[in-house]
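Trainee: Could you take one part of this model and examine it closely? I would value a connected account.

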Amino acid sequence: HADDTTVHTATAADAAVALAEAAQPFCSATGSVLNVGKCEGLTLGSHPPLEGLHAGTGVTFRGPADTIGHLGVLLTKGDRDAAAGRMWQRCVDAVAARARLWSGVDLSLLGRLHIAKSTMASTVVHIASFVGAPERQAAALQAFIDGYIYGKPTNPATDDRPLIHHPPRAA
């Protein structure tokens, strides 16, 4: 997953072994670098919670009510609904930012549909594959995407671009 790596172990001592015997050799072989100072840990299940910097691993463990992110998904041992709400709000903010960015580009309806699908809906689908959106945030996402797609109605009298553009073939 590019620069996101997750290590699942039964104990913090096992995590130290995994980092030393798996992650570090992988980094040496590939020229990658593991920045343990940026690593975050979270105990799950019935394990007693670890909080703060763990001397054996160099990993900072978050408390049971905290969240850590992996590939855009917030993991927690605490309030799952609150974590899901925060995760979906990040998604709403990202889609809104993309809609603002792309709204300045003059595109046909089909062009706007392609942008909405590739840069906005893909984010929603990724998060939705893990947890459903709360109603309020689902409505906000729908409004931003619809607003981007249909917010600039084309005037048929002045917009002579075809719905689908077929560029001339190269010679």
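**The hairpin and the core beyond it**

Mentor: G69 stands opposite L74 in β5. The model is predicted, so local features need pLDDT of at least 70 and side-chain atom pairs pLDDT 80 or more, whereas totals for chains, interfaces and linings use all residues. Residues are numbered from 1 along each chain as its sequence is written, and side-chain values use heavy atoms, without hydrogens or water.

Strand β4 (residues 67-70) and strand β5 (residues 73-76) pair (at least two DSSP bridges) in the antiparallel sense, over four bridges. Strands here are DSSP E runs of at least two residues, and helices are H or I runs of at least four, numbered from the N terminus. Two residues lie between β4 and β5 in this hairpin, and L71 in the turn has a positive phi of about 55°.

α2 gives the most, six residues. This core has 16 residues, and C91, V95, A116, M120, L141, I145 and Y148 have the most contacts inside it. Its members are buried Ala, Val, Leu, Ile, Met, Phe, Trp, Tyr or Cys joined through side-chain atoms within 4.5 Å. Leaving aside residues up to four places away in sequence, V95 touches (heavy atoms within 4.5 Å) M120, V124, L141, F144 and I145.

In α4, Q137, L141, I145, Y148 and I149 are buried (under 20% relative accessible area, exposed being over 50% and partly exposed in between; 1.4 Å probe, protein chains only). They lie on the same side of α4 because they cover an arc of only 105° around the axis, taken from the directions from the helix axis to the C-beta atoms. α2 and α3 are among what covers these buried residues, whereas E135, R136 and Y150 are exposed on the other side of α4.
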